[in-house]
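I opened my notebook to look up a few things in this structure, one entry at a time.

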Amino acid sequence: MNNRSQIDKHNFIYPHYQYSGEFTPNNLVFNANFQEFSQRVSYICNLQTAGKLSVDESYKQIEILWEQLKQSFQSLNIEKDTNI
């Protein structure tokens with residue numbers, strides 16, 4: 001398989017979208033972390049729906065991912081939007 005088809009396959013399985021918010025390096029990093037979080041949660045939900053993961057195991061995995069995302073947010077010192 002050539003390199004181009006591997007890149008296309010990777011982009012299909014792990015799509016990343018452009019960041020359109022206020023640009024700061026920390027916001028950009030968090031956006032990438034958030035996109036990865038959402039993709040992984042989607043995979044876990046699909047595996048649970050297909051019967052490959054139990055509800056408890058799915059919950060535990062999503063809870064771990066959530067804690068990692070929360071730590072990422074805190075370590076990047078991103079200000080919370082109070083206009084929401």
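This is a predicted model: local features need pLDDT of at least 70, side-chain atom pairs count only at pLDDT 80 or more; totals for chains, interfaces and linings use all residues.

Entry: Next I checked Phe34, which counts as partly exposed because its relative accessibility is 40%. Both residues lie in helix 2, three residues apart, or about one turn of the helix. An α-helix has 3.6 residues a turn, so residues three or four places apart point the same way.

**Entry: aromatic pairs.** I then searched the whole structure for aromatic pairs and got four. One of them joins Phe34 and Phe37, and this pair is stacked, with 6.1 Å from centre to centre and 25° between the planes. I also noted that Phe34 and Phe37 belong to one aromatic cluster together with Phe30, Trp66 and Phe73.

**Entry: the nonpolar core.** Which residues make up the largest nonpolar core? I listed nine: Phe30, Phe37, Val41, Ile44, Leu53, Leu65, Leu69, Leu76 and Ile78. Helix 2 and helix 3 each supply at least two residues of this core, and the largest share, four residues, comes from helix 2. I jotted a general reminder beside this list: in soluble globular proteins, nonpolar side chains tend to be buried together.

**Entry: Leu53.** I picked Leu53 from the core list and found it in the loop between helix 2 and helix 3. Is Leu53 buried or exposed? Its relative accessibility is 18%, so I put Leu53 down as buried. Leaving out residues up to four places away in sequence, I saw Leu53 touch Ile44, Leu47, Gln48, Ser58 and Gln61.

**Entry: helix 3.** I followed helix 3 from residue 55 to residue 75, which makes 21 residues. From first C-alpha to last, helix 3 reaches 30 Å, close to the 30 Å expected at 1.5 Å a residue. I marked Ser58, Leu65, Leu69 and Ser72 as buried in helix 3. Seen down the axis, the buried residues of helix 3 fall within an arc of 55°, so they line one face of the helix. What do these buried residues pack against? I found helix 2, residues 25-49.

Then I turned to the face of helix 3 that points away from its buried side, and there I noted the exposed residues Asp56, Tyr59, Ile64, Gln71, Gln74 and Ser75.

Notes: Residues are numbered from 1 along each chain as its sequence is written. Side-chain values use heavy atoms; hydrogens and water are left out. The expected span of a helix is 1.5 Å times one less than its number of residues. Buried means under 20% relative accessible area, exposed over 50%, partly exposed in between (1.4 Å probe, protein chains only). The arc is that of the directions from the helix axis to the C-beta atoms. Contact means heavy atoms within 4.5 Å. Rings of Phe, Tyr and Trp (its six-membered ring) pair if their centres lie within 6.5 Å; planes under 30 degrees apart count as stacked, over 60 as edge-to-face and the rest as tilted. A nonpolar core is a set of buried Ala, Val, Leu, Ile, Met, Phe, Trp, Tyr and Cys residues joined through side-chain atoms within 4.5 Å.
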